[in-house]
Amino acid sequence: MACLLLTRKLYGQPVVRSFTQNISNVSVKTRLSLPTRKPQQLVTRTFQTTSKVHAAPLGPLLVKLSSPLYRFGFLYLGRRLRQYWNNLPPGKREKYTKTFTNSRNAIFGGVFAFGGLSGLYYISHLEEAPVTHRKRFMILNHSQLEKVAAFEWQKMDEMLERKKLPPHHPLFKKVYKIVKRILIANQSREVNGIKWEVNVVDSDEVNAFVLANGQIFVFTGILNEMENENELAGVLGHEIAHAIMGHSAELLSLAGFFNVFSLAILTTLWAVIPTDIGAFAASLLQNTIEDLIINLPYSRKIEQEADEVGLLLAARACYDVRYVPRFWHRMHLKDGGGSDAIMKWFSTHPTNASRVKQIDELMPEALELRSSFQCPQLQEFYDASHRFRQVRLI
């Protein structure tokens, strides 16, 4: 479901403290004295990352530039530059134009140098993601992200506090049990380094999301759509994957980096376009192009990776992951069962149909991983249901 960008850190209220007392950033295995299942063979999908390189002051500064307030500030700067130019006497305009013409080689050289340094900065801050080993750009670490998201998380907690179910509620216990089982089965530096908390929200909204500090929010609306715990384990695995993969920090890092160029373009548009209406239309077009080319495709890529990793997390916890694509297939039919060929390009998430296809392709690997952890054997039903889905998705 949704991986929120700015609402990513701090701590919960007493209603969910019981969960934190059992599973936090200390080893789950040690505290609960539960043996860890050993796989029968070497599992290639492990939680390993390359060493991270962070420029401490610059990373948070770039992220801060992503805020709407800064965007408005650069818009205003461009508008003031245009007004200043229009109010100049003709003689001064001609003088500035001549100076620019004579210095254009130096100016263009500076622009190319800035682009080159930006490229070097980008390359130097590439790291390897856990599990999938995908190369990604990161300028924020976990502690920096907590500071960025503290205020947003506080607002989220205050907004939903009265709707949270207490720990003794059956639905809370159901979610708690599945999350606990997934975390115990997937102990790693990434999993044990997060203070996990469960929040079950009494709402008809069909949604679930996780904050990067381990705050898991599940709405009762999505629980009503689940036919069994295996389907819920797939969704919770997806949300847990967002946190352990550091997707929030990744999205913020990418937004911060590209916003430097976006703000420069925005300022130029408002400086050179002669009318406010024209500049406003051009900036809207700029936003749309950026979304279609960079933001939305990257967000869908992140969601697909969470689907992949979440399936493996649930498989290692011995859930019957064959039920996961069945859930997404029902969501596909509930949405009308259309192809969504055009609208998928304007969405932050993959279509339900594409999710079913991707998860089906990953299923053999997930089942092999599940088997390597000595999980109970599964009953045969998958082939028939798989063929049914393929027919209905065409």
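The link of C318 and C375 is left-handed, with -75 degrees about the S-S bond. The two sulfur atoms sit 1.9 Å apart and form a disulfide, a term used here for a pair of cysteine sulfur atoms within 2.5 Å. A disulfide is a covalent bond between the sulfur atoms of two cysteines. A search of the whole structure finds 1 disulfide. C318 lies in the loop between α13 and α14 (324–334), and C375 in the loop between α15 and α16 (382–393). The pair links distant parts of the chain, 57 residues apart. Helices (H or I, at least four residues) and strands (E, at least two) are DSSP runs, numbered from the N terminus.

This is a predicted model, where local features need pLDDT of at least 70, side-chain atom pairs count only at pLDDT 80 or more, and totals for chains, interfaces and linings use all residues. Residues are numbered from 1 along each chain as its sequence is written, and side-chain values use heavy atoms, with hydrogens and water left out.

Are C318 and C375 buried or exposed? Both are buried. Buried means under 20% relative accessible area, exposed means over 50%, and partly exposed is in between (1.4 Å probe, protein chains only). C318 counts as buried because its relative accessibility is 10%. The backbone of C318 also deserves a look. Its phi is near 70 degrees, a positive value in a residue other than glycine. Most residues other than glycine have a negative phi. H133 has a positive phi too, near 60 degrees. H133 is in the loop between β1 (126–128) and β2 (135–137). With a relative accessible area of 29%, H133 is partly exposed.

Now turn to charges. Side chains of opposite charge can pair when their charged atoms come close. A salt bridge is a side-chain nitrogen of Lys or Arg within 4 Å of a carboxyl oxygen of Asp or Glu. By this rule the count is 16. In one of them, R82 pairs with D276, and their closest N and O atoms are 2.9 Å apart. R82 lies in helix α4 (residues 68–86) and D276 in helix α13 (residues 276–316), so the pair ties together parts 194 residues apart in sequence. R82 is buried at 7% relative accessibility, while D276 is partly exposed at 29%.

E303 and R355 meet in a salt bridge at 3.2 Å, N to O. E303 is in helix α13 and R355 in helix α15 (residues 352–372), 52 residues apart. Both residues are buried. D320 and R322 form a salt bridge at 2.9 Å, N to O, and both of these are buried. Elsewhere, E127, R134, R136, E250 and E305 are linked in a network of salt bridges.

What about nonpolar side chains? A nonpolar core is a set of buried Ala, Val, Leu, Ile, Met, Phe, Trp, Tyr and Cys residues joined through side-chain atoms within 4.5 Å. The largest has 55 residues, and V175, I182, W196, L236, I240 and I244 touch the most other members. A second, separate core of 11 residues includes Y121, I139, A212 and L252.

Finally, look at one stretch of chain. UniProt, in an unreviewed entry, places a "transmembrane region" at residues 251–273; such annotations may be inferred rather than shown by experiment, and positions follow the numbering used here, with feature names shortened. Over residues 251–273 the chain is 96% helix and 0% strand. The end C-alpha atoms are 31 Å apart.
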